Amino acid sequence: MELKGRVHKFGDDINTDEIIPARYLNTSDPMELAKHAMEDADPEFRQRMQPGDFIVAGKNFGCGSSREHAPIAIKAAGVAAVIADSFARIFYRNAFNMGLPILESPEAAADLKDGDEISVNLDTGAITVMATGRTFHSQPIPPFMQELLADGGLMAHLKKKLETHRT
Amino acid sequence: MSKAQTITQKILAAHCGKDYVEPGELILARVDIALGNDITAPLAIKEFRESGAKQVFDKERVVLVADHFAPNKDIPSAIQCQLLREFAREQDLTHFYEGGDMGVEHALLPEKGIVGPGDLIIGADSHTCTYGALGAFATGVGSTDLAAAMISGECWFKVPESIRFVYNGQCPPWVTGKDLILHTIGDIGVDGARYMAMEFTGEAIGRLDMADRFSMANMAVEAGAKNGIMAPDEKTLAYVKNRALRPYQVYTSDPDAAYAFEKVYDVSRLEPQVALPPSPENVMPLSHVGEVRIDQAVIGSCTNGRLEDLRLAARVLKGRKAAKGVRLIVIPATPLIYTQALEEGLIKIFMDAGAVVSPPTCGPCLGGHMGILAPGEVAVATTNRNFVGRMGHPQSFVYLANPAVAAASAVAGRIAGPEQLA
């Protein structure tokens, strides 16, 4: 699957309080959460971004709390994928469980600039700058996680397993 | 003869029916306790229902605590707590806590003996790693993982590598477990233990009481760790003796177990530590912090709201008053801690010092309620995170410290230690 959009660049250690501040956690409605995606990291992000755009960040993206509201807010805002040098572990799990594509690529995280138009191939993990054709490769997704994604997230994966047991 | 393993490997192996698991291996493990709160459980309950599941895997082992935005701070929060209550009733859950039974989850579960040594615990809350102080494997997950575990009693894990932290020497006065963990996070950074297990060992750990050990394991996630863990000793066993609701098992690391790396600290010359905003890794000794005026001091949370923490704060506050213009907020973490503090006269000391004593709640720690900061305001807090906007307005500031420093700072009106008070 090929995704195309613009890069929005963030720094290292972007935490879940910046992604979705706790003051908005009295609801779990994705559209409500989406209104405040990345608000405390960049209050103008929601105005600047277009659906299909990418978040590109440094190391340890999504550190802090376990709130699944973080990947939900990003996904519901229309962000196509998050590319980072590395991800915090709970965010990593949550993103897969929610079906938000995330790619680990230290080179892309270092080189991509705010506003770059890129295309991302989720099957191969290739990230290409459209103006120059320069391509970065992201870490392949572990087979176990590919299975989760193929089934449409953790709950769908579990449902399928339950059904297989019954038949 | 199986290969050498860390305590973390042994617990994970025991929960997936193996004798040995290798770091990096993906396993599907049996979960002893699955925990959710009023922020994370509503999403898990929604997923549970959408999956078509009818019953939780074990009504004794799914634990719900309405502690974050409770006592209900607004109508949406009240609705979230209502969701938990209705689900708990429908599923006849043994362990649902709200109102006067409710305490901050990570203080409450050990206190009630719901978690014990050798357990595998997941919680839809990042500070679930607190229970590692009991010699359990405990880690935070999201709501979907919680929903899946509520249904199946299982969760998948990648077996983590471990880092061994050795603390030698004896802590000087006013230096606590909080200072050891802040110092460690300052040393390795907020991603220094990413995906890994932090194993805390050494004579200084042996000397710490359980409250200090819980504080340390609690903040393992602030270094990016999957779990923090300590081998049980006689103090651990004394703590769980009359509490444990289930049989428990003591695991220890093999002497020749493999570690990603080792860090050795001499705590003898350590000062109380302070983490400056906006990251728990911006740590420096108290004497280097300089002049920082404060508007609020918060003593409480899953990190430092236990009886021992309140005793420490009371030692500093006895016969003293919070400085004019400083709001001192004390939050006993559970109803039992509150009662004991009352019986010991600690609450009177706090009230005489001009404190607001709050009912148990996570409250201001995550900027929920009970002490939110205005733009430009500064707080010193015994909590665990000082990210941008963590306790209120994005232009407010949180300094993390131990309860003695928070209490002394309230009296001084600026960040200070007990020894700096007249």
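This is a predicted model: local features need pLDDT of at least 70, side-chain atom pairs count only at pLDDT 80 or more; totals for chains, interfaces and linings use all residues.
User: How many residues of chain A are in contact with chain B?
Analyst: On chain A, 39 residues are in contact with 47 residues of chain B.

User: And how much area do the two chains bury between them?
Analyst: About 3,600 Å², with 58% of it on carbon and sulfur atoms.

User: Which residues in chain A lose the most area to chain B?
Analyst: A:N26, A:R89 and A:R93. Together they make up 21% of what that side buries.

User: What is the count of salt bridges between the chains?
Analyst: Three. One of them joins the side chains of A:K59 and B:D191, at 3.5 Å from N to O.

User: How many residue pairs are in polar contact across the interface?
Analyst: The rule finds 20, with both residues at pLDDT 80 or more.

User: Which helix of chain A gives the most to the side that touches chain B?
Analyst: Helix 5, with seven residues. Helices 1, 4, 7 and 8 of chain A each supply at least two as well.

User: How do the residues on that side of chain A divide?
Analyst: Into 14 nonpolar, twelve polar and 13 charged.

User: Switching to chain B. What is its secondary structure?
Analyst: Chain B has 14 helices and 18 strands.

User: Why call chain B as compact as a globular protein of its length?
Analyst: Because its radius of gyration is 20 Å, close to the 22 Å the globule rule gives for 422 residues.

User: What share of chain B counts as buried?
Analyst: 65% of its 422 residues.

Definitions and conventions: Residues are numbered from 1 along each chain as its sequence is written. Chains are lettered from A and ligands numbered from 1 in the order in which they are written. Side-chain values use heavy atoms; hydrogens and water are left out. Contact means heavy atoms within 4.5 Å. Buried area is the accessible area (1.4 Å probe) that two parts lose on being put together, summed over both. A salt bridge is a side-chain nitrogen of Lys or Arg within 4 Å of a carboxyl oxygen of Asp or Glu. A polar contact is a pair of N or O atoms within 3.5 Å; within protein, one must be able to donate a hydrogen and the other to accept it, and residues adjacent in sequence count only if both atoms are side-chain atoms. Helices (H or I, at least four residues) and strands (E, at least two) are DSSP runs, numbered from the N terminus. Ala, Val, Leu, Ile, Met, Phe, Trp, Tyr, Cys and Pro count as nonpolar, Asp, Glu, Lys and Arg as charged, and the others, Gly among them, as polar. The radius of gyration is taken over C-alpha atoms; the globule rule is 2.2 Å times the number of residues to the power 0.38. Buried means under 20% relative accessible area, exposed over 50%, partly exposed in between (1.4 Å probe, protein chains only).
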